[in-house]
Amino acid sequence: MPRLLMVDNLAHTYPDGTRALRGVSLALNRGEILSIIGLSGAGKSTLLRCINGLVRPTEGSVEFDGRTVDWDAGSLRHLRRMIAMIFQHFNLIGNLSVLSNVLMGRLSYQSCLMQPFYSFSKRDREIAAAALDKIGLLNEWDKRASELSGGQQQRVGVARALAQEPRLLLADEPVSSLDPLTADTVLGHFVKIVRKEKLATLMNLHAVELARKYSDRILGVREGQCVWQGLPDELTTAVLKSIYGEEYDG
Amino acid sequence: MTAEKAAGVALPARAEKPYARAVSFAKWLIGLALVAYTALAVVHTEFNPLKLLAGAASAKEILSEIVHPDWSVLPSLLRLMNETVEMALIGTLLAIIISFPLSFLAAKNLMLGSAAGRVVYAVVRLIFNVLRAFEPMLLALLFVLMVGIGPFPGVLALGLHSVGMLGKLFSESIEAIDPGPVEAIQACGGNRFQVIWYGVLPQVAPTFLAFSIYRWDINIRMSIILGIVGAGGIGYFLLQYLSLLQYSKVSTAFILILIVVTALDSASAWLRTRLGQK
């Protein structure tokens, strides 16, 4: 399987001096699902945000599809067109319709003249509708996003990401603000689509069980560093203790 | 279980603060000074209920005219009332057009990222503060001198003052948005315009609309008064007939103002509730 993403020795220090990342390296192949686990505050979110430039790494480099990422605004927009993101708190615009929210995934394809008018091409609207169809919310397309349940809202978040027709998906704690049952359903559905479309996915997960169930490979992060990498089956209690600390009793 | 066990935890003693005595003495002094100043103010304002009672007798004549409104002036009054509402409308629209783009430049969360942004932010904030500091009445006096008597100086006065008010309210609601959707639009590859137009605007649009309607409502009441300095509308009529001692005509104006202001007030309140519920 050819490489899609190479992250080399990535580090980030926040302006207040917090060293969120202290040199993390990882590689992701096309079509692979890699989960990142670790305590909250271990640097998982910062790691994902460094890959699409929402957070600018202070050290290290990111190579996407064989090209080293530049951090100027123009190249970043081009990069973000190919990398979609799913957020813990969905980050939908509650006042807008479900369809409008999914169309946000097409913003980087919207022509200049149409930008002020919330207007999208027929092709963009078809792509958005197809994304809604995949996550099973096509019939809710004209509801306001805030009227949906949490699980439905995250599915709209997934549809927005799919509408980008991305080559890489970043999912930052995609189901941790949902109840356990809904979390498993939503994540299961998401992974099914990702597998079908052979999309490379990098996701932060809070729940070890979900990581074990849905990933090809798992990466353990502790205090801004990668402390373990392996297959889901290799995730033993001893390994978990090395990631979460000696108090871990899963 | 005994009652003693349920008694819980006693609060630890409050830490002894330095200068506690001096502080409580100063508080007493300030209180005393306030009382003294209030007493002086009663004297200076010649506050005297007896005077009011004495005046009530001479007001009898005025009152008898006021209870007989002169309806013959109604057509011209309606025209002037309409002018007042129109002044408020154009003044408010002018303010919206100017303050809408400026308010994004006066929002901390959008501007404090760069040094140039901080400068623009400070300048626009200052403009809003200065405009708010000038009462519409003062501005109207100034504009009557500049462009002459009529509704136009009133429009300018209302508009300029409202730029300060709306600009502040608009920029504060921009500062209160959820940053999540903004981050999502950035992550989708949106440019700076799209981030504001799709990430910020939908979040603040209902609030902007509610503030604008409320401002129009306030401006209608303000523009009634502005006529007194010659800035058009029904206020000018009021001033004229008051000085001519034609109280029955003044009375008609009062009734009309009361009806129109009450009606528009409840209409705007209803509209704003609808927006809030959405």
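Predicted model: local features only at pLDDT ≥ 70, side-chain atom pairs only at ≥ 80, totals over all residues.
Local features need pLDDT of at least 70 and side-chain atom pairs count only at pLDDT 80 or more, while totals for chains, interfaces and linings use all residues. Residues are numbered from 1 along each chain as its sequence is written, and side-chain values use heavy atoms, with hydrogens and water left out.

**View 1. Chain B against chain A.** Here 21 residues of chain B are in contact (heavy atoms within 4.5 Å) with 27 residues of chain A. The two chains bury about 2,000 Å² between them, 58% of it from carbon and sulfur atoms; buried area is the accessible area (1.4 Å probe) that two parts lose on being put together, summed over both. B:A187, B:C188 and B:Y198 supply 32% of the area that chain B buries against chain A, more than any other three residues.

**View 2. A salt bridge between the chains.** Take a look at B:E183 and A:R49, whose side chains meet in a salt bridge at 2.6 Å, N to O (a side-chain nitrogen of Lys or Arg within 4 Å of a carboxyl oxygen of Asp or Glu). The count between chain B and chain A is one such bridge.

**View 3. The open sheet of chain A.** Four strands line up as β2-β1-β4-β5, with antiparallel pairing; strands are DSSP runs (E, at least two residues), numbered from the N terminus, and two of them pair if DSSP finds at least two bridges between them. Because β2 (19-29) and β5 (67-68) of chain A stand at the edges with a single partner strand each, one side of each is left without a neighbour in the sheet. Two bridges join β4 (residues 59-64) of chain A to β5(A), and A:E63 stands opposite A:T68 in β5(A).

How values were computed. Chains lettered and ligands numbered in written order.
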